Amino acid sequence: MKRPNQEVLERNRPRRTKPLILAAAGVLALGAAGLVLGNTFQAQAESTSADTQKHLADVAKTDAATGEKVFVDAQAQVIKKLGEPGKLTVDGATKPSFEITVHSVEVLESCTLRGFGEEIKPENGNFLLVDVSANLATSAAKVVDEEIALMPMDASVFGVSAGQNKEVTYQLDTVASYSCEVENALDIAVGAGGSIRGEIMLDSPYDSGQVVYDPEKTGGWTWDYSG
């Protein structure tokens with residue numbers, strides 16, 4: 001199998017994992033029920049731990065489609081602006097196989113309890129109402145032997161940090177965040193050939209910082225937000 005030549009990185013050794021995950025980039029490996037991608041990066045940031053350096057080893061320095069320089073922080077996150085997509089492009093292709101975009105982040109002190117109408121408070125300090133879109137190309141199903149190719153989009157695959165190069169926190173899927181009324185709720189996954197857009201509620205300790213999409217917790221994409 002050819003290695004992907006993508007905006008983010010490539011992994012030296014493919015591996016199998018249980019979730020049906022296509023992470024931010026890496027070698028296309030066979031997951032239990034979908035696409036699995038791992039991450040490695042070339043840091044353009046501050047000093048990092050040995051473990052993080054391992055994930056920063058083989059980053060593609062430019063976007064495969066546009067030729068633009070790729071910026072990565074010390075937490076192995078490819079840096080994006082709000083409204084700018086994170087993209088994965090398979091080797092030899094010019095169109096991305098997967099794209100995810102954080103369009104906006106609204107910081108809230110409370111939300112409406114779903115089905116009851118009363119106001120509830122976040123457990124971690126701040127609710128983040130995140131407007132997200134994502135699409136997965138039909139061709140993604142052809143690079144794995146499994147029946148289903150999916151990218152997870154639930155709250156458990158998102159994280160936050162206090163800012164660039166800061167440690168990422170991933171426990172944002174609290175009871176409170178799941179209990180919020182979200183009018184245009186984001187689907188929990190996007191399948192091959194699919195395109196989705198909606199809002200997801202995260203429970204964050206930070207009223208400003210960065211939202212991260214990183215299914216395998218080894219490096220993904222990050223977008224700044226402020227309260």
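Four strands make up an open sheet in this predicted model, in the order 3-14-13-10 and with mixed pairing (strands are DSSP runs of E, at least two residues, numbered from the N terminus; two of them pair if DSSP finds at least two bridges between them). At the edges sit strand 3 (78-80) and strand 10, each pairing on one side only. Strand 10 runs antiparallel to strand 13 over four bridges, and Val-160 stands opposite Val-211 in strand 13.

Now for the nonpolar core, meaning buried Ala, Val, Leu, Ile, Met, Phe, Trp, Tyr and Cys residues joined through side-chain atoms within 4.5 Å, with buried set at under 20% relative accessible area (1.4 Å probe, protein chains only). The largest one has 32 residues, and among those touching the most other members are Phe-98, Val-132, Met-153 and Tyr-213. Strands 10, 13 and 14 are among those that each supply at least two residues of this core, but the largest share, five residues, comes from strand 8. Take Met-153: beyond its neighbours within four places in sequence, its contacts (heavy atoms within 4.5 Å) include Ile-100, Val-132, Phe-158 and Tyr-213.

How far can you trust all this? Mean pLDDT, the predictor's confidence in each residue from 0 to 100, is 76 for the protein, and 67% of residues reach 70 or more. Strand 12 has the highest mean among the elements (98), strand 1 (residues 28-30) the lowest (26). Over residues 1-48, pLDDT stays under 50.

A bit of housekeeping: residues are numbered from 1 along each chain as its sequence is written, and side-chain values use heavy atoms, leaving out hydrogens and water. Local features need pLDDT of at least 70 and side-chain atom pairs count only at 80 or more, while totals for chains, interfaces and linings use all residues.

Technical notes
Buried means under 20% relative accessible area, exposed over 50%, partly exposed in between (1.4 Å probe, protein chains only).
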